[in-house]
Amino acid sequence: MGGEAARVLVVDDDEVIRQLIAVNLRLEGFVVSTACDGEECLRLVHEVRPDLVTLDVVMPHLDGIGTAARLRADPRTSGLKILMISACAQDEDFSRARAVGVDGYLTKPFHPEQLIRLVRALSPEPLAGTPGEALIDPSRELPSDPVSDPSSEGSPE
């Protein structure tokens, strides 16, 4: 990543989940900041200037969908990568996320390797994309997802 680690802002109202995500990302070399809800995220995002924000859907004060919509509406954060990490796994949840321009969606519970793969894919390098193009279908196995790890292509099974 050009010598500078990608910055991730982890937003979840559950402290245990927030710390689990943060620890796994830090172990992989990401610079991580945390927020406990959408309102705190909107306050911190201009200070932290993350490359990517992870958002839970269900949070007090301002939920993840509302937070993502506000991030997209602000010219200063409209290009920010957004990864939803939520137990909400209905078609309606994915449609709402797609409608506000979320880049990826990881359903809880998840394996840390899935988290790392998606965060790497959505980080500035090497797989930068446009909002909404990397939405994750949780019914598929991870290798067939649209943001699968390109380094695994062509390797023998």
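Visitor: Leaving aside neighbours within four places in sequence, which residues is Leu9 in contact with?
Guide: This is a predicted model. Leu9 is found in strand β1, residues 7–11. Beyond its neighbours within four places in sequence, Leu9 is in contact with Ser33, Thr34, Ala35, Cys41, Leu44, Val45, Pro50, Leu52, Val53 and Thr54.

Visitor: Is Leu9 buried or exposed?
Guide: Buried means under 20% relative accessible area. The relative accessible area of Leu9 is 0%, so Leu9 is buried.

Visitor: What distance separates the C-alpha atoms of Leu9 and Val48?
Guide: Leu9 belongs to strand β1. Along the chain, Leu9 and Val48 are 39 residues apart. Their C-alpha atoms are separated by 7.7 Å.

Visitor: Leaving aside neighbours within four places in sequence, which residues does Thr67 contact?
Guide: Thr67 is found in helix α3, residues 64–73. Its relative accessibility is 0%, so Thr67 counts as buried. With neighbours within four places left aside, Thr67 is in contact with Gly38, Cys41, Leu42, Leu55 and Leu62.

Visitor: What pattern does the protein chain follow along the sequence?
Guide: The secondary structure comes to five helices and five strands. Read along the sequence, the pattern is β-α-β-α-β-α-β-α-β-α.

Visitor: What share of contacts with a separation of 6 or more comes from residues 24 or more positions apart?
Guide: The protein chain has 157 residues, and 47% of them count as buried. Among contacts with a separation of 6 or more, residues 24 or more positions apart account for 61%.

Visitor: Which elements do the buried residues of α5 pack against?
Guide: Helix α5 spans residues 112–122. Its buried residues are Leu115, Ile116, Leu118, Val119, Ala121 and Leu122. These buried residues pack against β1, α1, β3, β4 and β5.

Visitor: At what angle do α1 and α5 pack?
Guide: Two packed helices are described by the angle between their axes and the distance between the axes. For α1 and α5, the axes lie 10 Å apart. α1 passes α5 in a right-handed crossing. The packing angle is about 65°.

Visitor: How many nonpolar, polar and charged residues make up the contact of α1 with α5?
Guide: From α1 come Ile21, Asn24 and Leu25. They meet Pro112, Leu115, Ile116 and Val119 in α5. The contact divides into six nonpolar, one polar and no charged.

Visitor: What kind of aromatic pair do Phe94 and Tyr105 form?
Guide: The count of aromatic pairs comes to one. Planes over 60 degrees apart count as edge-to-face. Phe94 and Tyr105 lie 4.7 Å centre to centre with 80° between the planes, and the pair is edge-to-face.

Visitor: Which parts does the pair of Phe94 and Tyr105 tie together?
Guide: Both residues are buried. Phe94 lies in helix α4 and Tyr105 in strand β5, so the pair ties together parts eleven residues apart in sequence. Those parts are α4, residues 91–99, and β5, residues 104–107.

Visitor: What is the omega of the peptide bond from Lys108 to Pro109?
Guide: Pro109 lies in the loop between β5 and α5. The bond from Lys108 to Pro109 is cis, with omega near -5°.

Visitor: What is the phi of Arg49?
Guide: Arg49 is placed in the loop between α2 and β3. Arg49 is exposed, with a relative accessible area of 58%. Arg49 is a residue other than glycine, yet its phi is positive, near 50°.

Visitor: What is the phi of His61?
Guide: The place of His61 is in the loop between β3 and α3. At 61% relative accessibility, His61 counts as exposed. His61 is not a glycine, but its phi is positive, about 70°.

Terms used. Residues are numbered from 1 along each chain as its sequence is written. This is a predicted model: local features need pLDDT of at least 70, side-chain atom pairs count only at pLDDT 80 or more; totals for chains, interfaces and linings use all residues. Side-chain values use heavy atoms; hydrogens and water are left out. Helices (H or I, at least four residues) and strands (E, at least two) are DSSP runs, numbered from the N terminus. Buried means under 20% relative accessible area, exposed over 50%, partly exposed in between (1.4 Å probe, protein chains only). Contact means heavy atoms within 4.5 Å. Rings of Phe, Tyr and Trp (its six-membered ring) pair if their centres lie within 6.5 Å; planes under 30 degrees apart count as stacked, over 60 as edge-to-face and the rest as tilted. Axes are lines fitted to C-alpha atoms, for helices over the stretch in contact, and angles run from 0 to 180 degrees between N-to-C directions. A crossing is left-handed if the near helix is turned anticlockwise from the far one by less than a right angle, and right-handed if clockwise. Ala, Val, Leu, Ile, Met, Phe, Trp, Tyr, Cys and Pro count as nonpolar, Asp, Glu, Lys and Arg as charged, and the others, Gly among them, as polar.
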